[in-house]
Amino acid sequence: MKKNLGSTLALYPTPAVVIGTMIEEKVNWVLVGHIGIIGHDLVMISLHKSHHTNKGILETGQLSVNVIDENMLQRADYVGIVSGTKVDKSEVFAYQPGEARAPIIDDSPLVMECEVLDNYQTETFDNFICKINNTYADTDILNEKGNVDYSKLKPVLFEMPGYNYLRTGDVIGKCTTLGKEYKNELK
Ligand SMILES: Cc1cc2nc3c(=O)[nH]c(=O)nc-3n(C[C@H](O)[C@H](O)[C@H](O)COP(=O)(O)O)c2cc1C
């Protein structure tokens, strides 16, 4: 039996990421769980219009999407509870400027440097549609083919309404293989 929960956002867990942007020559960090994939080269970052971060993104058109691991979690949570309008968060993470000058966190194992192409605005949110220009990965999370190995990188996940952080789990199947096996069973 199912209970209808009404209009409930139920697409969790999502990766928790730290978005970095420059605001008047100073870096600001924010934690975001509402991030999405569009096609094969775009991502969407959903940010409440009241956030300090939006000012920098709107001014520069540049941002970084820093995947977080458990070593970064406490600092990532901190940048999700205080606003750059009130507190200087620039010292929380050491960083280097990327090729397009977006701030790339040294401790993040995987960072996308993005340029904003569009903003799908709702009443209270800026939903930034971003093109990925560069991706910086620690070499120790790469496999022999040079791709990110998600058995080595363990991105922190986020869920609501529990408001918890989760760990990624085990590999439980190979994409397309399971479907092919099922297809063969139907024959
Ligand atoms: C786990 C977690 C996830 C969050 N996800 C989002 C999000 O997806 N979008 C958003 O606008 N704010 C999100 N926030 C809230 C912002 O991170 C928070 O309000 C932050 O202080 C805003 O910082 P700023 O004003 O310096 O930009 C999240 C906070 C936490 C703790």
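What volume does the second largest pocket have? In this predicted model, the second largest pocket has a volume of about 590 Å³. Its lining is made of 28 residues, and those closest to its centre are Leu-31, Val-32, His-51, Gly-80 and Tyr-163. Let's see which parts of the chain build that lining. Strand 3 (26–32), strand 5, helix 1 (52–60), helix 2 (73–79) and strand 12 (164–166) each contribute at least two residues, and the largest share, five residues, comes from strand 3. Sorted by class, the lining of this pocket holds 14 nonpolar, twelve polar and two charged residues.

Now look for the ligand. The space it takes is the second largest pocket. Around the ligand you can find 24 residues, with His-48, Thr-53, Ser-83, Gly-84 and Lys-89 the closest. Strand 3 gives the most to this shell, with four residues. By class, the shell divides into eleven nonpolar, eleven polar and two charged residues.

Next, zoom in on the side chains. A polar side-chain atom of Thr-53 lies 2.5 Å from an oxygen atom of the ligand. For Lys-89, a polar side-chain atom is 2.8 Å from a ligand oxygen, and for His-51 the distance from such an atom to a ligand oxygen is 2.9 Å. On its own the ligand has 650 Å² of accessible area, and the protein covers 89% of that.

Finally, visit the largest pocket, with about 770 Å³ of space. Its lining has 30 residues, and Pro-15, Ile-35, Gly-36, Ile-37 and Val-43 lie nearest its centre. Here the lining divides into 19 nonpolar, ten polar and one charged.

Conventions: Residues numbered from 1 in each chain as written. Predicted model: local features only at pLDDT ≥ 70, side-chain atom pairs only at ≥ 80, totals over all residues. Heavy atoms only, no water. 1 Å grid on protein atoms, 1.4 Å probe; cavity = no way out; pocket = protein on both sides within 12 Å on 5 of 7 lines; lining within 4 Å. Points joined across faces, edges and corners; volume = space filled by probe spheres on them. Nonpolar A, V, L, I, M, F, W, Y, C, P; charged D, E, K, R; others polar. Near = heavy atom within 4 Å. Polar contact = N/O pair within 3.5 Å; in protein donor to acceptor, adjacent residues only side chain to side chain. Areas by Shrake-Rupley, 256 points an atom, 1.4 Å probe, with all protein chains shown as cover. Sits in = over half its atoms within 2 Å of the grid points.
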